[in-house]
Number of protein chains: 2
Amino acid sequence: MGISERKEREKEQRRNDIVDAAEKVFFKKGLNNSTMDEVAEEAELSKGTLYLYFKSKEEIHFEIKSRALIILKKMFHKSISENKTGFENCAEIGKAYVDFVKKHSNYYKAIIHFESSDCSICEFRDKCEDFFKEDNPLEFFVQIISKGIADGTIRSDISANVLAQTLWAQTNGILQFVSTKQKIIEFAGVKAEDIINSQFEIIKKGIKNK
Amino acid sequence: MGISERKEREKEQRRNDIVDAAEKVFFKKGLNNSTMDEVAEEAELSKGTLYLYFKSKEEIHFEIKSRALIILKKMFHKSISENKTGFENCAEIGKAYVDFVKKHSNYYKAIIHFESSDCSICEFRDKCEDFFKEDNPLEFFVQIISKGIADGTIRSDISANVLAQTLWAQTNGILQFVSTKQKIIEFAGVKAEDIINSQFEIIKKGIKNK
DNA sequence: ATAAAATATGACTACTGGTCATGTATTAAA
DNA sequence: TTTAATACATGACCAGTAGTCATATTTTAT
């Protein structure tokens with residue numbers, strides 16, 4: 001029987017609608033200035049219904065972050081030129097990330113939020129698994145690093161897994177810094193661009209083989 | 001007359017007492033689970049009085065972060081061996097930062113909080129200036145980098161200012177990652193230590209001259 | 001047609017950051 | 001010493017909001 005399947009689809013659809021509504025509200029007014037009542041109104045549902053589909057405001061926000069990661073992963077994929085070396089691919093991915101932050105700064109803020117807090121949501125085993133499944137750009141990055149190690153363009157004394165996580169965390173630090181500390185950066189008489197370029201230069205030297 | 005000065009001192013003292021109390025409460029229960037009433041009780045003052053000395057809960061938290069930066073800066077200073085090269089000093093500072101996070105994880109959380117949010121408190125010009133004054137470890141780091149460029153042990157194609165900010169932001173990314181994502185890291189079968197070592201290795205290669 | 005299950009509602013509660021009218025202590029002036 | 005003025009302290013109170021739950025409606029199964 002297809003009824004339960006249809007119901008499942010509808011439920012999924014409604015979850016999506018709620019996230020759509022939340023996105024509009026959160027992106028417009030910021031997470032902390034948005035209320036669940038506003039989200040409910042935007043979704044044309046009652047507040048109680050939101051809690052039928054999500055455990056908390058934070059969980060909706062987490063869903064937005066998941067969307068962000070999906071978009072980011074797609075941009076990573078698109079950025080790759082198959083005929084280039086793993087090392088060159090790495091630079092392409094880096095550029096794609098910078099691009100993503102420029103184009104989708106609101107989505108990036110959602111990523112920052114969950115990168116910088118040991119969110120209770122992530123405490124569940126299955127959410128950890130999520131982190132390394134479809135959603136996550138990191139897994140793809142590991143592949144590219146592996147390719148670079150295999151083709152001899154990336155240093156081989158650090159495992160692909162560790163290297164990928166290191167670069168991911170580092171780069172998040174940089175992007176977080178330039179996207180939340182603009183005033184301090186300009187006060188110091190530096191340009192965000194310079195910091196990003198500097199990051200690329202350091203990494204290039206830092207991971208190149210020999 | 002010394003009266004107004006004494007009053008000034010007393011006021012400063014009281015501010016400190018309040019921050020002491022807040023620290024106890026925040027560190028024990030976490031910022032979000034702590035209430036101003038609890039802080040008031042711990043400080044043996046009424047809640048209204050807290051607001052005579054601080055504009056908001058966030059401002060008290062900001063003060064805790066400032067303390068964290070002072071401690072960190074001291075550890076940076078202590079870590080330096082005068083007779084070594086700028087390049088070697090950089091590694092010492094890096095180690096000192098890792099040390100700080102281990103020893104003072106609560107203080108580090110306060111730093112993370114303000115590194116990862118474009119906090120409204122920092123919007124004022126004078127707070128930006130603070131960022132580069134007594135409190136801030138970054139200024140000292142710039143000096144060390146400059147030393148390294150001068151003694152030829154650190155690459156000179158990136159300005160000391162830019163390089164320092166880049167490394168600072170990067171390293172924050174790493175430390176934030178390992179201190180908030182332990183579960184994900186271990187789930188991936190990696191050790192936090194490995195990521196930190198990997199970071200050091202990349203940076204060493206990345207900033208060494210020639 | 002009817003019972004049961006699933007879904008939706010919005011008034012309500014609990015909590016908490018921040019305020020403010022009302023003190024009380026301290027200092028300056030008469 | 002008395003009085004006025006200023007600075008400091010208080011806690012009952014307010015406003016805003018995440019999350020709940022008894023009730024109502026719709027959908028499905030019998």
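Trainee: How many residues does the contact take from chain A and from chain B?

Mentor: The contact takes 47 residues from chain A and 47 residues from chain B. Contact means heavy atoms within 4.5 Å. This is a predicted model, where local features need pLDDT of at least 70 and side-chain atom pairs count only at pLDDT 80 or more, while totals for chains, interfaces and linings use all residues. Residues are numbered from 1 along each chain as its sequence is written, chains are lettered from A and ligands numbered from 1 in the order in which they are written, and side-chain values use heavy atoms, with hydrogens and water left out.

Trainee: What area do chain A and chain B bury between them?

Mentor: About 4,300 Å², with 66% of it on carbon and sulfur atoms. Buried area is the accessible area (1.4 Å probe) that two parts lose on being put together, summed over both. On the chain A side, Phe187(A), Ile202(A) and Lys205(A) lose the most area to chain B, together 15% of what that side buries.

Trainee: Why is Ser198(B) called buried?

Mentor: Buried means under 20% relative accessible area, exposed over 50%, and partly exposed in between (1.4 Å probe, protein chains only). Ser198(B) has 3% relative accessibility, so it counts as buried. Ser198(B) lies in helix α11 (residues 192–207) of chain B. Leaving aside residues up to four places away in sequence, Ser198(B) touches Ile158(A), Val162(A), Leu163(A) and Thr166(A).

Trainee: What makes Ser56(A) partly exposed?

Mentor: Its relative accessibility is 23%, so Ser56(A) counts as partly exposed. Ser56(A) is found in the loop between α3 and α4 (57–79) of chain A. The C-alpha atoms of Ser56(A) and Met36(A) are separated by 9.4 Å, and the two residues are 20 apart along the chain.

Trainee: What does chain A contain, helices or strands?

Mentor: Chain A has 11 helices and 0 strands. Helices (H or I, at least four residues) and strands (E, at least two) are DSSP runs, numbered from the N terminus. Of the 210 residues of chain A, 51% count as buried. Among contacts in chain A between residues at least 6 apart in sequence, 66% join residues at least 24 apart.

Trainee: Which residues have the most contacts inside the largest nonpolar core?

Mentor: Tyr97(A), Phe100(A), Ile207(A), Tyr97(B), Phe100(B) and Ile207(B), in a core of 125 residues. A nonpolar core is a set of buried Ala, Val, Leu, Ile, Met, Phe, Trp, Tyr and Cys residues joined through side-chain atoms within 4.5 Å. Take Ile207(B): not counting residues up to four places away in sequence, its contacts include Ile202(A), Phe87(B) and Leu163(B).

Trainee: Which residues come nearest to DNA strand D?

Mentor: Arg6(A), Met36(A), Lys47(A), Arg14(B) and Tyr53(B), out of 19 residues around DNA strand D. A residue is near a molecule or strand if one of its heavy atoms lies within 4 Å of it. The surface near DNA strand D has 7 nonpolar, 6 polar and 6 charged residues. Here Ala, Val, Leu, Ile, Met, Phe, Trp, Tyr, Cys and Pro count as nonpolar, Asp, Glu, Lys and Arg as charged, and the others, Gly among them, as polar. α3(B) gives the most to that surface, with 4 residues.

Trainee: What puts Lys47(A) in polar contact with a base oxygen of DNA strand D?

Mentor: A polar contact is a pair of N or O atoms within 3.5 Å; within protein, one must be able to donate a hydrogen and the other to accept it, and residues adjacent in sequence count only if both atoms are side-chain atoms. An N or O atom in the side chain of Lys47(A) is 2.7 Å from that base oxygen. The side chain of Tyr51(A) has an N or O atom 3.2 Å from a phosphate oxygen of DNA strand D. For Lys57(A), a backbone N or O atom lies 3.0 Å from a phosphate oxygen of DNA strand D.

Trainee: Which residues are closest to DNA strand C?

Mentor: Arg14(A), Tyr53(A), Arg6(B), Met36(B) and Lys47(B), among 16 residues that surround DNA strand C. α3(A) gives the most to the surface near DNA strand C, with 4 residues. A polar backbone atom of Met36(B) is 2.8 Å from a phosphate oxygen of DNA strand C. A polar side-chain atom of Tyr51(B) lies 3.1 Å from a phosphate oxygen of DNA strand C.
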